[in-house]
Amino acid sequence: MKTIKDFKLESKRVIIRVDFNVPIKDGVILDDNRIVMSIDTIKYAMDNGGRVILLSHLGRVKSEEDRLKNDLSIVVPRLSSLLGTDVKFCEYTRGSVLEGMVASLKDGEVLLVQNTRYEDLNGKLESGCDLELGKYWASLGDIFINDAFGTAHRSHASNVGIARNLPSGIGFLMQKELSVLESVRDNPKRPYTVILGGAKVSDKIGVISALANKADYILIGGGMCYTFLYSLGYNIGKSLLDSDSIDYCKDLMNKYRDKIILPVDNIVSSEISDNSKCELTNIDSIPSNKMGLDIGPRSIELFESYIDKSKMVVWNGTMGFSEIKNFEVGTKSLLEYLSKSKCDTIICGGDTASSAINFGYKDSFMHISTGGGASLELLEGKVLPGLEIIEK
Ligand code: AMP
């Protein structure tokens, strides 16, 4: 696959698809890792005389309220300071202002374009990989570099759509992600354990059967464990349930009962807040009016016993609602345990990566991937559309 080093960049308009989809709360970036990880590629393009045009999405944009909440200009100060230059910002995703700003870019300058998903308000043009939009964005550049690993599993106008229309390659972050994750996919050290959690139950349930074939153990916590527990007949109270996936979970448990390990206790509460009253219960005694929001101490010990047996651990999805202090213990404890363990650990994206970085474990693991869904799909053996188009 071509990389940025295979192109002559001088005086060329270089479109780089980056992943600046950073977690934000009350107007503050909670974790800037994705911005930091994109710097090498952007700097390389600047230093080699490219006229750099950056495209990224931020959050989901389905309403006017989402649009205001997900204004990408929020990353400009941090990006400018990391690059040591003033990054220009265009508040439009198309039109004469954008075209004028692109035309006036000088060699080595950087322009960031507004959130690509603003185009989703126009009938999902970005997420639906609209042909005309891909062509339009491609018309702004001479070369396309995809460095957004976190969206490589999606076929969107700002990755696949542009790559269809321009000479394309990948950036340094994408290269690094691929080299680590492909080696795990093709040749994992064994015993190989996958830890899965988080909220997006339906997104990940599909991945489990694929990984169950490859991994030796799958430890399931977070919101997604409750659909498995429900399928085994447990009363899960008001915990997260993906009702469309109950039969699927049941089948998986029948097939992989020895491999799939579920929590044995959990922290329950009737509300998700810092002030909520919490209670520790066994998994078979969740009160009907409460929800499970973190794994309990016996589950932590159980999961640690599998970590002890493992040579390689891949983890995606928090063990509890870890943004709230009351429910961070499961995630924090396993991070700490893994940071001291001898096994090779890969943390896969999203909230798990943010938790690892914010809890102080940024440099404690073999790799912290910038992609959640993308890394799981790659490990599962799927072809990622954002890369396939470039390979072609
Ligand atoms: P994901 O993006 O799928 O990795 O999901 C991460 C999200 O899952 C975080 O925002 C967590 O707060 C949420 N989460 C983790 N455990 C639970 C739980 N037991 N119930 C509800 N949400 C949870």
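**Cavity, pocket and ligand shell in a predicted model**

Modeller: By the grid rule applied here, the count comes to one cavity of 30 Å³ or more. The structure is a predicted model.

Biologist: What makes the largest cavity count under that rule?

Modeller: The volume of the largest cavity is about 40 Å³, and the rule asks for 30 Å³ or more.

Biologist: Which residues line the largest cavity, and which elements give two or more of them?

Modeller: The lining consists of Gly-222, Cys-225, Tyr-226, Pro-263, Asp-265, Asn-266, Ile-283, Leu-293, Asp-294, Ile-295 and Met-319. Two or more residues each come from α9 (225-231), β12 (265-269) and β14 (291-295). The most is given by β14, with three residues.

Biologist: How do the residues of that lining divide by class?

Modeller: Seven are nonpolar, two polar and two charged.

Biologist: Why is the space lined by Asn-33 and Met-37, among others, called a pocket?

Modeller: A pocket is an open set of points with protein on both sides within 12 Å along at least five of seven lines, whereas a cavity is one the probe cannot leave; the term therefore marks an open space. This second largest pocket has a volume of about 160 Å³. Its lining is formed by Asn-33, Met-37, Lys-176, Ile-357, Lys-362, Asp-363, Phe-365, Met-366, His-367 and Ile-368. At least two of the lining residues come from each of α1 (33-47) and β17 (367-369). By class, the lining holds five nonpolar, two polar and three charged residues.

Biologist: Which backbone atoms lie within polar-contact range of a nitrogen atom of the ligand, and how do you know?

Modeller: A polar contact is a pair of N or O atoms within 3.5 Å. A polar backbone atom of Gly-292 is 3.0 Å from a ligand nitrogen. For Gly-223, a backbone N or O atom lies at 3.2 Å, and for Gly-320 the distance is 3.5 Å. Each of these distances is within the cut-off, so each pair qualifies. Taken alone, the ligand exposes 500 Å², of which the protein buries 88%.

Conventions:
Residues are numbered from 1 along each chain as its sequence is written. This is a predicted model: local features need pLDDT of at least 70, side-chain atom pairs count only at pLDDT 80 or more; totals for chains, interfaces and linings use all residues. Side-chain values use heavy atoms; hydrogens and water are left out. A polar contact is a pair of N or O atoms within 3.5 Å; within protein, one must be able to donate a hydrogen and the other to accept it, and residues adjacent in sequence count only if both atoms are side-chain atoms. Accessible areas come from the Shrake-Rupley method with a 1.4 Å probe; for residues, only the protein chains shown count as cover. On a 1 Å grid over the protein atoms alone, a cavity is a set of points where a 1.4 Å probe fits but cannot get out, and a pocket is an open set with protein on both sides within 12 Å along at least five of seven lines; lining residues have an atom within 4 Å of a point. Grid points are joined across faces, edges and corners, and a volume is the space filled by probe spheres set on the points. Helices (H or I, at least four residues) and strands (E, at least two) are DSSP runs, numbered from the N terminus. Ala, Val, Leu, Ile, Met, Phe, Trp, Tyr, Cys and Pro count as nonpolar, Asp, Glu, Lys and Arg as charged, and the others, Gly among them, as polar.
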